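Hi everyone, thanks for coming. Let's have a look at the model together and then walk through a few parts of it.

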Amino acid sequence: MLKKIKVTQLRIGMYINDLQCGWMNHPFAVNRFKIKSDTEIRKIIAAGVKEIEIDIKKGLDIFIEKRKAENGQLRKVIDQRSQDKPGKVSVLQELGPAKIAFAEAGEFITDMMANAKMGQHVELEQVNPVINKMSASILRNPNALLGLSRIRAMDKYTFEHSVSFSVLLMSFAKSMGLPIETINNVGIGGLLHDIGKTLTPDEILNKPGKLTDQEFVIMKKHVVDSRLILEKTKGLSQVSMDIAAQHHEKFDGNGYPLGLKGDQISTYGQMAAIVDVYDALTADRCYHVGKEPSEVLKLLLKWSGTHFNPDLVRKFIQAVGIYPAGSLVLLSNQHLATVIDISDNMLKPQVEVFVNTKKRCYVPRKLINLAEQDEIKILSIESYVKWNIKH
Ligand SMILES: [Fe+2]
């Protein structure tokens, strides 16, 4: 089956049926072939080709298009719901739309990073629909997307970090009472903040363990690269730019790239610095398991005043809660449960019970709103790894 696509949508594995330009005008010996490397894609772009015909029976299709078709029906419902007035819904009601918003953001970021690698600009029109869906979900109930952010594949760290970073920042902005326009702009900054990493060599980006001093110098360059790439994006807000350009600055002036101090860093840059560390430390990587959120919240408090603005750390903890959505908790009835929703009562969240630790067995999943009863309490936050539970 043949399909016309833009040259920027080309991927390794696609089968080119027609290069849509005269044989003399391109550097390949044949007109039909399967793309095997980025170099071939670059050559096609350099030849000035704008559109290409691919054969999706002989090679890969466009990822986003395929997913859109698969989820078409559900998307219709969600699009309709996105236009509804934001109002509180339960996490379970919000889970479907949140899953789609999360997946679409992941697809977008994968696509955008691939395009940036080939020197393409980021167009705001491409980011806006993704962010609008995320902010609509966050306004209805942030805990659905926050819970999903805890579950991530280890091999796609940069992509998925950008999505969960964005979700955390938007929830943070929402809990601070910032207007919807700002929530969207922090979300855009969150998705794009590490775009400069497309220029960081893979062996440094994915190196297990500590970087050497020289490697760290190269790694740090991603912030300046992000800024340079995003300066080419027309209409990008200062809020979004601050997040990309300042997310590694520290409150005491010991950050990079500029070593800005205190108020020299914008509020959004300061918020981004907190969220970046929280997300990086809670994430599972291929070479280590992430820390539990409660442990990381303690570290944030420890670094208050040095790395971070203490006032904003307190506000961030209020936003994600002492028991963040997706955490595993041990209850006083000796059952294990996942935190589902913290919006009614941060200390007494809604949880889903699923393991009896006394009998050492799984039990049918059951929702309990701890705020609505006095018998069962949270004893501790537990580690999924310690209990050998996959989540
Ligand atoms: Fe970064």
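Let's start with helix 12, which is mostly covered: twelve of its 16 residues are buried. Buried here means under 20% relative accessible area, while exposed is over 50% and partly exposed is in between, using a 1.4 Å probe and protein chains only. Among the buried residues of helix 12 are Tyr268, Met271, Ile274, Val275, Tyr278 and Thr282.

A word on where this comes from: it is a predicted model, where local features need pLDDT of at least 70, side-chain atom pairs count only at pLDDT 80 or more, and totals for chains, interfaces and linings use all residues. Residues are numbered from 1 along each chain as its sequence is written, and side-chain values use heavy atoms, with hydrogens and water left out.

Helices are DSSP runs of H or I with at least four residues, numbered from the N terminus. How far should helix 12 span? The expected span is 1.5 Å times one less than the number of residues, so residues 267-282 should span 22 Å, and the end C-alpha atoms, 23 Å apart, agree with that.

Now for confidence. pLDDT is the predictor's confidence in each residue, from 0 to 100. The chain averages 84, and 87% of the residues score at least 70. Helix 11 (residues 238-246) has the highest confidence, at 96, and helix 3 (residues 72-83) the lowest, at a mean of 45. Where pLDDT is low, the predicted coordinates should not be read in detail.

Lastly, Leu205 sits in helix 9 (residues 202-205). Is Leu205 buried or exposed? Leu205 is buried, because its relative accessible area is 15%.

Methods. Helix = DSSP H or I, 4+ residues; strand = E, 2+ residues; numbered from the N terminus.
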